[in-house]
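Hello,

Here is the structure for your files. My notes on it follow below.

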Amino acid sequence: MSLTLILPMSAFALAASISPGPVNLVCLSSGTRYPLSQGLVFVTGATLGFVVLFFAVGLGLYSLLTVIPGLDQALRWAGVAFLLYMSVRLFRDNGRLPEGEAQRAPGFMAGALMQWLNPKAWLASASGIGAYTSGSDLQQVLLFAALYLPICWLSLGSWVYAGAFLRRYLHRPAVLVVVNRTLAVLLAGSCVYLLLE
């Protein structure tokens, strides 16, 4: 593989991973609410979930959406339902930072599942595979997935670190409530976008 292929793939992976989206907002929220280690568990789940999805799309999974009637709509509605569930959890948060064992951050499986129910992840996978690989070239798909792995993890991790940075200035529960509700509204807003798209 030449550098002329690796650089554009990496740039695409970075743009798709770091741009705001539902998973990024949950990462930011996790950083403001929970210890970094818990936020990074979510990031790891979301990254591995995405890379598996990306690889599956590269092997032809995306074509199922065109073959099976209604599958794309079912995926869209399941994604919207999951994102709304996460929005409601975030909106109802009381703004008090958890202490001790009561901390329940979104975990590894929530991150992985969120990617599979996230139409942005499906679109990024399909458009990346279509633009940078020759559909049936397994070596190119593997290279792209291998590039995506660290880029996606670092991109999502940067959102958790941004949340942890904000946490230093959010000592009052009332301020954190405002931040959480703003993020919840943005997350719910992304659902409206997904329905209108």
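**Overall fold**

The protein chain has nine helices and zero strands. Helices (H or I, at least four residues) and strands (E, at least two) are DSSP runs, numbered from the N terminus. Along the sequence, the pattern reads α-α-α-α-α-α-α-α-α. The chain has 197 residues, and 46% of them count as buried. Buried means under 20% relative accessible area, exposed means over 50%, and partly exposed is in between (1.4 Å probe, protein chains only).

Two notes on the basis. This is a predicted model, where local features need pLDDT of at least 70 and side-chain atom pairs count only at pLDDT 80 or more, while totals for chains, interfaces and linings use all residues. Residues are numbered from 1 along each chain as its sequence is written, and side-chain values use heavy atoms, with hydrogens and water left out.

**Aromatic residues**

The structure holds nine aromatic pairs. Rings of Phe, Tyr and Trp (its six-membered ring) pair if their centres lie within 6.5 Å; planes under 30 degrees apart count as stacked, over 60 as edge-to-face and the rest as tilted. One of the pairs is Phe 50 with Tyr 148. The pair is tilted, at 4.7 Å centre to centre and 55 degrees between the planes. It links distant parts of the chain: Phe 50 is in helix H3, Tyr 148 is in helix H8 (residues 138-167), and they are 98 residues apart. Phe 50 is buried at 4% relative accessible area. Tyr 148 is buried too, at 1%.

Which residues form the aromatic cluster? They are Phe 12, Phe 50, Phe 54, Tyr 132, Phe 144 and Tyr 148.

Tyr 34 has a charge over its ring. Arg 33 lies over the face of Tyr 34, at 5.5 Å from the ring centre. The rule asks for NZ of Lys or CZ of Arg within 6 Å of the ring centre and within 35 degrees of the ring normal. Tyr 34 lies in the loop between helix H2 (22-33) and H3. At 11% relative accessibility, Tyr 34 counts as buried. Tyr 34 and Arg 104 are 70 residues apart in sequence, yet 8.3 Å apart in space, C-alpha to C-alpha.

**Cysteines**

How many disulfides are there? The count comes to zero. The cut-off is a pair of cysteine sulfur atoms within 2.5 Å. Cys 27 is buried at 0% relative accessibility. Cys 152 is buried at 3%.

**Surface patch**

Val 41, Leu 48, Phe 108, Met 109 and Leu 149 form a nonpolar patch on the surface. Together they have about 430 Å² of accessible area. Helix H3 (36-58) and helix H6 (108-116) each give two or more residues to the patch. Phe 108 sits in helix H6. Phe 108 is partly exposed, with a relative accessible area of 34%.

The rules for this section are as follows. Patches are made of residues with over 30% relative accessible area and no salt bridge; like charges are joined within 9 Å, nonpolar side chains (Val, Leu, Ile, Met, Phe, Trp, Tyr) within 5 Å. A salt bridge is a side-chain nitrogen of Lys or Arg within 4 Å of a carboxyl oxygen of Asp or Glu. Accessible areas come from the Shrake-Rupley method with a 1.4 Å probe; for residues, only the protein chains shown count as cover.

**Contacts across the sequence**

Leu 154 and Leu 156 are worth a look together. Leu 154 lies in helix H8, and Leu 156 is also in helix H8. Leu 154 is exposed at 56% relative accessibility, whereas Leu 156 is buried at 2%. Leu 154 and Val 43 are 111 residues apart in sequence and 8.7 Å apart in space, C-alpha to C-alpha. Leu 156 and Val 23 are 133 residues apart in sequence and 7.9 Å apart in space, again C-alpha to C-alpha.

Is Val 185 buried or exposed? Val 185 is exposed, with a relative accessible area of 52%. Val 185 lies in helix H9 (residues 173-196). Val 185 and Phe 91 are 94 residues apart in sequence and 7.7 Å apart in space, C-alpha to C-alpha.

Best wishes
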